[in-house]
Amino acid sequence: QVSRICARLDVEVDAFRNRSLARIEFPYVYLDATYVKARDTDLHQVVSRAVVIATGITAGGDREVLGLAVGDSEEESFWTEFLRSLRRRGLGGVRLVISDAHEGLKAAARKTLQGASWQRCRVHFARNVLARVPKGHQDVVAAALRTVFVHPNPVEIAAAWDRTADMFARQFPKVKELMDTAKGDVLAFSAFPPDHWRKIWSNNPLERLNKEIKRRTNVVQIFPNNPAIIRLVGAVLAEQHDDWATHRHYLSEASMAKLYTTRETDTAPGDSILAIT
């Protein structure tokens, strides 16, 4: 009975993972990974497996789970094949990729999603900044960094970023250096409609989904193989996908219309374009 249930679930998950994405454009794509433990039958030991996930926002403002893959690690080759599999299934119209600053992911996105901008998750960036600051000063630095994002337009945001970086220059030169380097990546969201900013300037929406996956996978603790990981995580993602389909638009249709009336020449400070190496 268990084998029959698993076989039926495998069919459903496989159909979900390989469905066509060509029916509509996905201007916003979120990418992230989490890790689970599994047995390696060749090595006869327990190893970590990278579970990479893509979600997206459609041209109509709805959220969808786009894909799932399991591999040994987040190497560039793994991310490249994952993103190419999404392209083969019809993923198109990508305007912005939101993720953390994983080098393998960035390189893979450059190869497969040419012309899209890259948004470096502002939450992950803030953690990177605070790692360069003594513990006693972290609250002040975090508060100053947050003030950058309260401004209503790209010009003011860029100016606030520069002022904040200069303010840190004497006491925290490494923070100043990091902010100068990452400006275009962290502020890429500002080239898009302001109604979307809070939803696209970080990877938080996907991280919340990862927390649910971890909650479910922690019950298993150690998976027997990769297909078992895909079966459980795929079922969780399909369930979330169906739940999103029953809710109102994640981004309004009116705000999405603004995205498509924005001129192609509009770019964020720093022109963080994935096609540029």
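This is a predicted model: local features need pLDDT of at least 70, side-chain atom pairs count only at pLDDT 80 or more; totals for chains, interfaces and linings use all residues.
View 1. A contact means heavy atoms within 4.5 Å. Residues are numbered from 1 along each chain as its sequence is written. Local features need pLDDT of at least 70, side-chain atom pairs count only at pLDDT 80 or more, totals for chains, interfaces and linings use all residues, and side-chain values use heavy atoms, with hydrogens and water left out.

**View 2. The fold and its dimensions.** The protein chain contains 11 helices and six strands; helices (H or I, at least four residues) and strands (E, at least two) are DSSP runs numbered from the N terminus. The radius of gyration is 20 Å, close to the 19 Å that the globule rule gives for 277 residues, so the chain is as compact as a globular protein of that length. This radius is taken over C-alpha atoms, and the rule is 2.2 Å times the number of residues to the power 0.38. Along its principal axes, the C-alpha trace spans about 65 × 45 × 35 Å. Of the 277 residues, 49% are buried, where buried means under 20% relative accessible area, exposed over 50%, and partly exposed in between (1.4 Å probe, protein chains only).

**View 3. The aromatic pair Phe189 and Trp201.** Rings of Phe, Tyr and Trp (its six-membered ring) pair if their centres lie within 6.5 Å; planes under 30 degrees apart count as stacked, over 60 as edge-to-face and the rest as tilted. This rule gives eight aromatic pairs. In one of them, the ring centres of Phe189 and Trp201 lie 5.3 Å apart with planes at 85°, so the pair is edge-to-face. Phe189 lies in the loop between α7 (173-186) and α8 (197-200), and Trp201 in the loop between α8 and α9 (204-220), so the pair ties together parts that are 12 residues apart in sequence. Both residues are buried: Phe189 has a relative accessible area of 0%, and Trp201 has 9%. Ring pairs also link Phe149, Phe189, Trp197 and Trp201 into a cluster.

**View 4. The surroundings of Glu64.** Glu64 belongs to strand β3 (residues 63-71). Its relative accessible area is 8%, and Glu64 therefore counts as buried. Not counting residues up to four places away in sequence, Glu64 touches Arg19, Arg23, Phe26, Thr55, Gly56, Thr58, His241 and Trp244.
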